[in-house]
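Me: I would like to learn how to read a protein model feature by feature. May we begin with the strands?

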Amino acid sequence: MNNDIELIKSFTKQDYENGIVNLHIHSTFSDGKSTFESIIQQAKTKGYKAFAITDHNTVQGHIENPDSGIITGVEFDVWYKYIFLHLLAYGIDVNSVGMQKFYAKDKRGTEMDIVRFFAKRNIKDLIKEIHDAGGIAVLAHPACCWALNMEDFIKDLVEIGLDGIEVYYPYPRWRKYIKFSNPDILDKIADKYNLIKTGGTDFHGIEL
């Protein structure tokens with residue numbers, strides 16, 4: 001049994017909305033401004049119940065900090081048909097051989113938007129390898145996905161193995177204005193398809 005996944009399943013809406021659980025944080029291992037170590041210290045100081053560092057297309061921070069005790073995470077850039085999306089993987093074995101081909105080959109693939117936008121990852125294969133590595137696959141900030149029909153989009157992803165969606169998300173910065181779906185419907189979609197509900201702030205700054 002994967003302790004990270006069981007822990008994620010136990011979190012409530014209040015945990016996310018009260019800010020004591022944050023499962024979407026970026027460090028300097030991708031395009032964040034705060035170091036992996038600083039984020040860990042800040043979260044502990046602020047009394048977080050749990051958190052995950054989910055750098056773009058890399059788990060190098062987790063590899064270099066094997067005893068951090070935090071939830072293992074990574075955020076992949078991937079396409080499904082005509083839709084560009086971000087797929088969060090939680091609880092994976094960072095040493096999984098099968099996952100290696102999905103990680104960025106260099107630093108540009110973790111921080112440069114233009115490089116990440118043209119990523120060529122097969123989402124079905126990626127989800128399979130996430131599962132084989134002991135993890136779960138979660139759709140990040142879904143209201144930002146340019147899907148003509150959000151429910152049909154999520155239903156398609158469920159059919160190829162999606163485990164959850166990021167329901168509790170503040171949509172900061174430009175995402176406040178550019179949304180292709182109403183975030184309020186996501187909770188109902190998650191219930192309908194029995195998906196794990198997660199949440200996070202997509203933090204990229206210096207101070208949590």
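Me: Which residue in β5 stands opposite Tyr90?

Reply: Tyr90 stands opposite Ile136 in β5. Before we continue, please note that this is a predicted model, in which local features need pLDDT of at least 70 and side-chain atom pairs count only at pLDDT 80 or more, while totals for chains, interfaces and linings use all residues. Residues are numbered from 1 along each chain as its sequence is written, and side-chain values use heavy atoms, with hydrogens and water left out. Strands (E, at least two residues) and helices (H or I, at least four) are DSSP runs, numbered from the N terminus.

Me: In which sense do β4 and β5 pair, parallel or antiparallel?

Reply: Two strands pair if DSSP finds at least two bridges between them. β4 and β5 are antiparallel and share 4 bridges. β5 and β6 run parallel, joined by 2 bridges; in β6, Gly164 is the bridge partner of Val138.

Me: Which residues cover the faces of β5?

Reply: One side carries Ile136 and Val138 and the other Ala137 and Leu139, and all of them are buried. Buried means under 20% relative accessible area, exposed means over 50%, and partly exposed lies in between (1.4 Å probe, protein chains only).

Me: How many residues does the largest nonpolar core have?

Reply: In soluble globular proteins, nonpolar side chains tend to be buried together. A nonpolar core is a set of buried Ala, Val, Leu, Ile, Met, Phe, Trp, Tyr and Cys residues joined through side-chain atoms within 4.5 Å. Here the largest has 51 residues, and Leu87, Phe153 and Ile154 have the most contacts inside it. Strand β4 (residues 83-90) gives the largest share of this core, 6 residues. A second, separate core has 12 residues, including Ile25, Ile39, Phe51 and Ile70.

Me: Which residues does Leu87 touch?

Reply: A contact means heavy atoms within 4.5 Å. Leaving aside residues up to four places away in sequence, the residues that Leu87 touches include Phe76, Ile123, Leu126, Val138 and Leu162.

Me: Which residues of helix α8 are buried?

Reply: An α-helix has 3.6 residues a turn, so residues three or four places apart point the same way. In α8 (residues 150-159), the buried residues are Met150, Phe153, Ile154 and Leu157. They are on the same side of α8 because they cover an arc of only 90° around the axis. The arc is that of the directions from the helix axis to the C-beta atoms. The buried residues of α8 pack against several elements, among them β3 (71-80), α7 (123-132) and α9 (186-192).

Me: What is found at the start of α8, and which residue follows this helix?

Reply: At the start of α8, a side-chain oxygen of Asn149 comes within 3.2 Å of the backbone nitrogen of Glu151. Gly161, with a positive phi near 115°, follows α8.

Me: Which residues of α3 are buried, and which are exposed on the other side?

Reply: Phe36, Ile39, Ile40, Gln42 and Ala43 are the buried residues of α3. Their arc around the axis is only 165°, which puts them on the same side of α3. Lys44 and Thr45, on the other side of α3, are exposed. The buried residues of α3 pack against β1, β2 (50-53) and α4 (60-64). Just after α3 comes Gly47, with a positive phi of about 75°.

Me: Where is His26, and which side chains make polar contacts with the side chain of His26?

Reply: A polar contact is a pair of N or O atoms within 3.5 Å; within protein, one must be able to donate a hydrogen and the other to accept it, and residues adjacent in sequence count only if both atoms are side-chain atoms. His26 lies in the loop between β1 (21-25) and α3 (36-45). The side chain of His26 makes a polar contact of 3.3 Å with that of His24 and one of 2.9 Å with that of Glu75. His26 counts as buried because its relative accessible area is 0%.

Me: How many disulfides are there?

Reply: A disulfide is a covalent bond between the sulfur atoms of two cysteines. The rule used here asks for a pair of cysteine sulfur atoms within 2.5 Å, and the count by this rule is 0. Cys144 is in no disulfide, as the nearest cysteine sulfur, that of Cys145, is 7.0 Å away. With a relative accessibility of 13%, Cys144 counts as buried. Cys145 likewise counts as buried, at 2% relative accessibility.
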